[in-house]
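Please keep the sequence and the coordinates open while reading.

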Amino acid sequence: MASWIVGKALNPCALRTLTSSARRFSVAVASGDSESEQSSFTFSSKDPKPGEGDDTIYVKGRERASDSVSMPMSFMTGSIVGKRFYNEVTTKEADDGIGWRVMLDYRTLKTPSKRNLKCPTLALAKAIAAEWEYQQTDGIRPFTMPLMKLACTALERVPVTRPKVIGNLMQKFHQDLVFCRAPQDNDLTRDLRELQVEKFGPLIKWVELEFGFKPVMYTSFFGGKQEEGLVKAFENVLKKADDYELAAIDAIAAAAHSLIIAVGMFRGKLSIEQTIELIRLEEDLQVDRWGLVEGGHDLDIADLRVQISSAAVFLGLSRKH
């Protein structure tokens, strides 16, 4: 995924993702509303006529052209939301001179709640534009646009639910993956414990030096109790993060089951490859011992790479310096 950016030029083909759990939806086309004075092209996940078929997504086209296009809430899922309706994808500076917009032909791209998709940097806008340019004529596939999804999260979810996002991250802090150690008195887990000490050790040492508190290791399923000072230190990191940074941290933590790893990436301590290695430490050990299951482990690895790489790229592209 690091190949997405080469001299600020983006490779749209590198944005292809793998998914093993995408839900399939049927697509139907509804006629335009001729009585409406406003003309726009919108997607709707609701059936304009009462009926059945909760899995049907209707694409409503109105007769007159519009200068904007809004994405449906189903954009945030793995469904196909309709055929490609645009020819050219470009970027344009926002009218107020603050931020950048993505243009689908002459239409301004909007979020599912119909807010203008305004990117803080031109680099991020171009990356999202590359995701839209990649879309094929037979359908728009949101699951191939991780940067677009993260941008919508940063613009819509984080600002209105910031305390809840931070609260959910801190709620699992005491059970963080990096604090976990396998029992050393068991032949089946002894190798794993040695690997955890070796691989997690440098990150634990960094936490101690960076925040001034030594983390508590645990072997219980219920986790251990970390010092209040360490808890407050990580909570302050989250509170000081802007909406785009918090969206990226939240995405990494969800994939890693670790706020420590997410903040490590955020602070530049961990690379993408190092992060993936730490997340898959136990599973890779099991694969080495028992073998890889095709169609299972390999897809999990690919999906994890997409999640971590896209969040890391989003984090880097959204920074103005």
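A search of the whole structure, which is a predicted model, finds 7 aromatic pairs. The protein has 9 helices and 10 strands, and of its 321 residues 47% count as buried.

**Aromatic pairs**

- The ring centres of Tyr 86 and Trp 132 lie 5.9 Å apart with their planes at 65°, and the pair is therefore edge-to-face, given that angles over 60 degrees fall in that class.
- This pair links distant parts of the chain, since Tyr 86 sits in the loop between strand E6 (68-70) and strand E7 (89-93) while Trp 132 belongs to helix H1 (residues 122-134), 46 residues apart.
- Tyr 86 and Trp 132 are both buried.
- Another aromatic pair is formed by Phe 173 and Phe 179, which is also edge-to-face, with 5.5 Å from centre to centre and 85° between the planes; both of these residues are buried.
- Phe 173 and Phe 179 belong, together with Trp 206, Phe 211 and Phe 234, to one aromatic cluster.

**Helix H1**

- H1, the helix that holds Trp 132, has 13 residues and reaches 18 Å from its first C-alpha to its last, close to the 18 Å expected at 1.5 Å a residue.
- The buried residues in H1 include Leu 124, Ala 125, Ala 127, Ile 128 and Ala 129, and Ala 130, Glu 131, Trp 132 and Tyr 134 are buried in this helix as well.

- The axes of H2 and H4 come within 10 Å and cross at roughly 145°, and the crossing is right-handed.
- Where H2 and H4 meet, Arg 162, Ile 166, Leu 169 and Met 170 come from H2, whereas Val 231, Phe 234, Glu 235, Leu 238 and Lys 239 come from H4.
- An α-helix has 3.6 residues a turn, so residues three or four places apart point the same way.

**Positive phi angles**

- Most residues other than glycine have a negative phi.
- Asp 105 has a positive phi, near 60°, in a residue other than glycine, and its place is in the loop between strand E8 (100-104) and strand E9 (107-110).
- With a relative accessible area of 26%, Asp 105 is partly exposed.
- His 257 is likewise not a glycine, yet has a positive phi of about 55°; His 257 lies in the loop between H5 and H6 and counts as exposed at 62% relative accessibility.

**Whole-protein values**

- Among contacts between residues at least 6 apart in sequence, 67% join residues at least 24 apart.
- The accessible surface of the protein comes to about 17,100 Å², of which 50% belongs to carbon and sulfur atoms.

Methods
Residues numbered from 1 in each chain as written. Predicted model: local features only at pLDDT ≥ 70, side-chain atom pairs only at ≥ 80, totals over all residues. Heavy atoms only, no water. Phe/Tyr/Trp six-rings, centres within 6.5 Å; stacked < 30°, edge-to-face > 60°. Helix = DSSP H or I, 4+ residues; strand = E, 2+ residues; numbered from the N terminus. Buried < 20%, exposed > 50% of the residue type's maximum accessible area, 1.4 Å probe, protein only. Contact = heavy atoms within 4.5 Å. Areas by Shrake-Rupley, 256 points an atom, 1.4 Å probe, with all protein chains shown as cover. Expected span 1.5 Å × (residues − 1). Axes fitted to C-alpha atoms, helices over the stretch in contact; angles between N-to-C directions. Left-handed = near helix turned anticlockwise from the far one by under 90°.
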